[in-house]
Amino acid sequence: MNLNAKRIYMDNAATTPVLPEVVEAMLPIFNEYWGNPSSLHQNGQVAKEILNEARAEVASLIGCDAKEIYFTSCGSESDNWAIKGAMLAAKKGRDEIVTTVFEHPAVLNTCKALEKQGYKVTYVPVDNKGIVKLDELKAAVTDKTAIVAVMFANNEIGTIQPIAEIADIAHEKGALMFTDAVQAVGAVDIDVKALGVDMLSFSGHKIGAPKGIGALYIRKGVYVKNLIDGGAQENSKRAGTENLPYIKGLACALASAKKNMSDNDRIRALRDRLIDGLLQIPYTVLNGDRERRLPGNVNVSFEFVEGESLLLWLDMMGISASTGSACSSTSLEPSHVLLSIGLPVEKAHGSIRFSLSHANTEEEVDRVIENMKNIVDKLRKMSPIYPQTND
Ligand SMILES: *Cc1c(COP(=O)(O)O)cnc(C)c1O
């Protein structure tokens, strides 16, 4: 089975194909420069040089110093490290976390784990457009707050949060500001200094690098405890011999993503074309703010149909999309994100996410719209609760 042939891939928020230039950039490290960057001989020194270059490149692409970039195994590890590391390092009396109700499980379940250990967590609600309620966030942050963790862009509905404003609110009370930017890095321009965040996480496989590589920006002067103790790698902050091929791959992918951002207007136009096409189907709503969303994110609910059935039909038609997030697609619980924006359970169950990239075309969008019209129509005709006379 050749999965690349003819299929339409619109599930880039779950993972992305590894870019050809990334594979190309990684190969010499497998074949020739496989040394351990900690070794003093030439094999090691060449590897170290590649590591330094990759770190400097990643840093320049998000606007920080090379010393502020720490490579990890994935976005989840970066999220865990930022939050657990901050809480373990927090001053006495600062034992509270402020986050939102619609974070990725890597943040939510980290907070839940810390709650079990006695830390207090406040989960700030979001409005029905999928933007965090700033007044409630402001009320939740106190001088007991050690860290505020708010995602940059939501992975299901793509809504972009006012991170710079939230960082100001956190800093006014002396708390750290962390943002999970896994969906945003590579999709929109990120300048950590302009944002004013203390920590920011991202992941390779969402931007064209392989799975199993991530990074955490930690602003100079911010102290977080180690999650993984051992050797002196990553400035003695994160042990483990560096995954050099993937680190190189991450740097290369981020550089490509940055170049591809010049294509963002076209991606937005594709997104809007898809949204408009899908909204022609009766009893359909767009989830999340229409403007303040990622260039490639479309999340739509269709009443009187099951998202799982839609997904299976789409799959048979050669189209890859997602219900809610891939992480929860094996559970029958409705998405916590869709519930958080006030969607009733029935509508949440009939939701589909399409996440586009620069690789998608207008022709693909039109094929998806045509297929969706047919599939929704077919499923509704079989539904005992659909008002059959209405169209
Ligand atoms: C995918 C994702 C993660 C997890 O990243 P991994 O590298 O898969 O661990 C965390 N946060 C968000 C918002 C994501 O989309």
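# Close-up views of a predicted model

**View 1. V345 and its contacts.** V345 touches P334 and L339, with residues up to four places away in sequence left out; contact here means heavy atoms within 4.5 Å. Along the chain V345 and P334 are 11 residues apart, and their C-alpha atoms are separated by 6.5 Å. V345 belongs to helix α13 (residues 345-349). Helices (H or I, at least four residues) and strands (E, at least two) are DSSP runs, numbered from the N terminus. With a relative accessible area of 41%, V345 is partly exposed; the scale calls a residue buried under 20%, exposed over 50% and partly exposed in between (1.4 Å probe, protein chains only).

A word on what you are looking at: this is a predicted model, in which local features need pLDDT of at least 70 and side-chain atom pairs count only at pLDDT 80 or more, while totals for chains, interfaces and linings use all residues. Residues are numbered from 1 along each chain as its sequence is written, and side-chain values use heavy atoms, with hydrogens and water left out.

**View 2. The seven-stranded sheet.** Here an open sheet of mixed pairing runs in the order β2-β8-β7-β6-β5-β3-β4. Its edge strands, β2 (69-72) and β4 (120-124), each pair on one side only. Neighbouring strands are turned by 20° against each other on average, direction ignored; axes are lines fitted to C-alpha atoms, for helices over the stretch in contact, and angles run from 0 to 180 degrees between N-to-C directions. Two strands count as paired if DSSP finds at least two bridges between them. Strands β6 (residues 176-180) and β7 (residues 199-203) pair in the parallel sense over three bridges, and D180 has S201 in β7 as its bridge partner.

**View 3. Two helices across the sheet.** Helix α6 (residues 163-172) lies across β5 (145-149) and β6, running at about 150° to β6. Helix α9 (residues 244-260) lies across β2, β7 and β8 (214-218), and its angle to β7 is about 100°.

**View 4. Strand β3, covered on both faces.** Five of the five residues of β3 (residues 96-100) are buried. In a regular strand the side chains alternate between the two faces of the sheet. On one side of β3 sit E96, V98 and T100, on the other I97 and T99, and all are buried. β3 pairs with β4 in the parallel sense over five bridges, with V98 opposite T122.

**View 5. Around the ligand.** Of the 13 residues around the ligand, S76, D180, Q183, S203 and K206 come nearest; a residue is near if one of its heavy atoms lies within 4 Å. The side chain of S76 places an N or O atom 2.7 Å from a ligand oxygen, and a polar side-chain atom of S203 also lies 2.7 Å from an oxygen atom of the ligand. For D180, a side-chain N or O atom is 2.6 Å from a ligand nitrogen.

**View 6. N360 in its loop.** N360 is found between β12 (351-355) and α14 (362-381) and is buried, at 3% relative accessible area. Its side chain makes a polar contact with the side chain of E364 (2.9 Å); such a contact is a pair of N or O atoms within 3.5 Å, where within protein one must be able to donate a hydrogen and the other to accept it, and residues adjacent in sequence count only if both atoms are side-chain atoms. The N360 side chain also reaches the backbone nitrogen of S357 at 2.9 Å.
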